[in-house]
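Trainee: I have the sequence and the model open. Can we go through some of its features one by one?

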Amino acid sequence: QVQLVESGGGLVQPGGSLRLSCAASGSIYSIYVMGWYRQAPGKQRELVADINSDAMTNYGDSAKGRFTISRENAKTAVTLQMNSLKAEDTAVYYCNLVTYNLNMEYEYWGQGTQVTVSS
């Protein structure tokens, strides 16, 4: 079993910055993808950014140029630096981990953290 512990989030003014962190523990195989998704009220959950075990990053269109995902030294901890935040970035942000072993895929979600961008 894998546990994801999220931190960060909160209220920020438009144009401000926030940092989200997620640390994973448990049975994580050497091949994995870890990242952040978000879901705004009335909308589908969407990819914000992820990073794989080879440190390759992938960004959703809304995050490109403003957000940066990185791995911490533990490699199963990621940070999402969000700059130039807009009102439309308001959502619940979920940490996600997918790990692979042989032909099996295992997916885990964090409990979510609220990000509100408002003046």
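Trainee: How many disulfides does the count come to?

Mentor: This is a predicted model, in which local features need pLDDT of at least 70, side-chain atom pairs count only at pLDDT 80 or more, and totals for chains, interfaces and linings use all residues. Residues are numbered from 1 along each chain as its sequence is written, and side-chain values use heavy atoms, with hydrogens and water left out. A disulfide is taken as a pair of cysteine sulfur atoms within 2.5 Å. By that rule the count is 1 disulfide.

Trainee: Which residue does the disulfide join to Cys 22?

Mentor: Strands here are DSSP runs (E, at least two residues), numbered from the N terminus. Cys 22 lies in strand 3 (residues 18-26), and its partner, 73 residues apart, lies in strand 9 (residues 91-101). With S to S at 2.0 Å, the partner is Cys 95.

Trainee: Why is the disulfide of Cys 22 and Cys 95 called left-handed?

Mentor: Both cysteines are buried, meaning under 20% relative accessible area with a 1.4 Å probe, protein chains only. The disulfide is left-handed because the torsion about its S-S bond is about -90°.

Trainee: Which backbone oxygen does the side chain of Thr 113 reach?

Mentor: Thr 113 is in strand 11 (residues 113-117). Thr 113 counts as buried because its relative accessible area is 13%. At 3.0 Å, its side chain reaches the backbone oxygen of Gly 8.

Trainee: Is Gln 1 buried or exposed?

Mentor: Gln 1 sits in the segment before strand 1 (2-8). Exposed means over 50% relative accessible area. At 65% relative accessibility, Gln 1 is therefore exposed.

How values were computed
Helices (H or I, at least four residues) and strands (E, at least two) are DSSP runs, numbered from the N terminus. A polar contact is a pair of N or O atoms within 3.5 Å; within protein, one must be able to donate a hydrogen and the other to accept it, and residues adjacent in sequence count only if both atoms are side-chain atoms.
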